[in-house]
Amino acid sequence: LEIAFEKRPDLLSERMELANRDIRIEYFDNQMLPRVDLEATLGVNGLAGGNRPVSLSGFNASTSPYRGNFSDALSDMSEGEGYEWYVGLRMSCPLGNRAAAARLRRAGQEKQKVIYLLKSLEGKVETDVKNAMVAVEGSLERVKVTEHFEKLAEITLEQEMERLKKGLSDTFRVLTFQNNLIEARIRKVTALVDFNKGLAGLYRAMGTNLARFNIVAELNGEEINYEKN
């Protein structure tokens, strides 16, 4: 069970999903805080134009000092004749901040749902491992019993062959004991097949099939080696 809880891919996936939910909760919790931004701008202006009169309210008409064409405007801009800058702090805090609070509550509910799924999956993994162990133990007992019957059938056949040599038996009885031996070996092979199927199911329930066969997987172009345990 310890190996299954550590190695099962579906459990690892759910735990990663739970970690992602924790990150989302932390993010939405931060959205509840006031926001403070540092702002800064710096720019330059290039001004130029024709010699035209300028009329200002309350002043006499004068001549515009910005003369020239587009190249003169670029020259003024490169010389920093018309630069401007701005630095400031902006603080914002929505009243009540109900939208952020709602997102935080929803994230908490989604996390709780993942927790329930994880607990349910852990129960399923435990059931799978226990059922697989029962199957393995039962098939192993069958293997031991069939091995015992195989040995008895071999001994019985040998004894009947000795009786045949002494003229105390016949071919029909020998063939009967040979069939019994063949059936005992077939039952043994069947029990061994069931035992190996049970082992495969157990390793699957434990999530260690990749490690058993040293299978190499790739994630984002990088190899991931599963070491044998």
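**View 1. Helix 4 from end to end in the predicted model.** Every view here comes from a predicted model. Helix 4 runs from residue 98 to residue 165. With its 68 residues, helix 4 reaches 100 Å between its first C-alpha and its last. That is close to the 100 Å expected at 1.5 Å a residue. Follow the chain just past the end of helix 4 and you come to G167, whose phi is positive, at about 80 degrees.

View 2. Of the 229 residues in the protein chain, 19% count as buried. Now take the contacts between residues at least 6 apart in sequence: 70% of them join residues at least 24 apart.

**View 3. The largest nonpolar core.** In soluble globular proteins, nonpolar side chains tend to be buried together. The largest such core in this model holds 16 residues, and L11, V125, V129 and L202 are the members that touch the most others. Helix 2 (9-30), helix 4 (98-165) and helix 5 (171-206) each bring in at least two of the core residues. Helix 4 is the biggest contributor, giving 8 residues. Look closely at L202: beyond its neighbours within four places in sequence, its contacts are V129, A132, M133 and V136.

**View 4. A second, separate core.** This core has 6 residues, among them A153, L157, V174 and F177.

**View 5. Helix 2 packed against helix 4.** Two packed helices are described by the angle between their axes and the distance between the axes. For helix 2 and helix 4, the angle is about 165 degrees and the axes are 9 Å apart. Angles over 145 degrees count as roughly antiparallel, so helix 2 is roughly antiparallel to helix 4. The crossing of helix 2 past helix 4 is left-handed.

View 6. L121 belongs to helix 4. Its relative accessible area is 15%, so L121 is buried, the cut-off being under 20%. Setting aside residues up to four places away in sequence, L121 touches D10, L11 and E14.

**View 7. D128, an aspartate counted as buried.** D128 is also a residue of helix 4. Its relative accessibility is 18%, which means that D128 counts as buried. Apart from its neighbours within four places in sequence, D128 is in contact with R8 and A205.

View 8. L140 is another residue that lies in helix 4. At 33% relative accessibility, L140 counts as partly exposed, because that value falls between the 20% and 50% limits. L140 and L199 stand 59 residues apart in sequence, and the distance from C-alpha to C-alpha is 10.0 Å.

Methods: Residues numbered from 1 in each chain as written. Heavy atoms only, no water. Core = buried A, V, L, I, M, F, W, Y, C linked by side-chain atoms within 4.5 Å. Buried < 20%, exposed > 50% of the residue type's maximum accessible area, 1.4 Å probe, protein only. Helix = DSSP H or I, 4+ residues; strand = E, 2+ residues; numbered from the N terminus. Contact = heavy atoms within 4.5 Å. Expected span 1.5 Å × (residues − 1). Axes fitted to C-alpha atoms, helices over the stretch in contact; angles between N-to-C directions. Parallel < 35°, antiparallel > 145°, perpendicular 65-115°, else oblique. Left-handed = near helix turned anticlockwise from the far one by under 90°.
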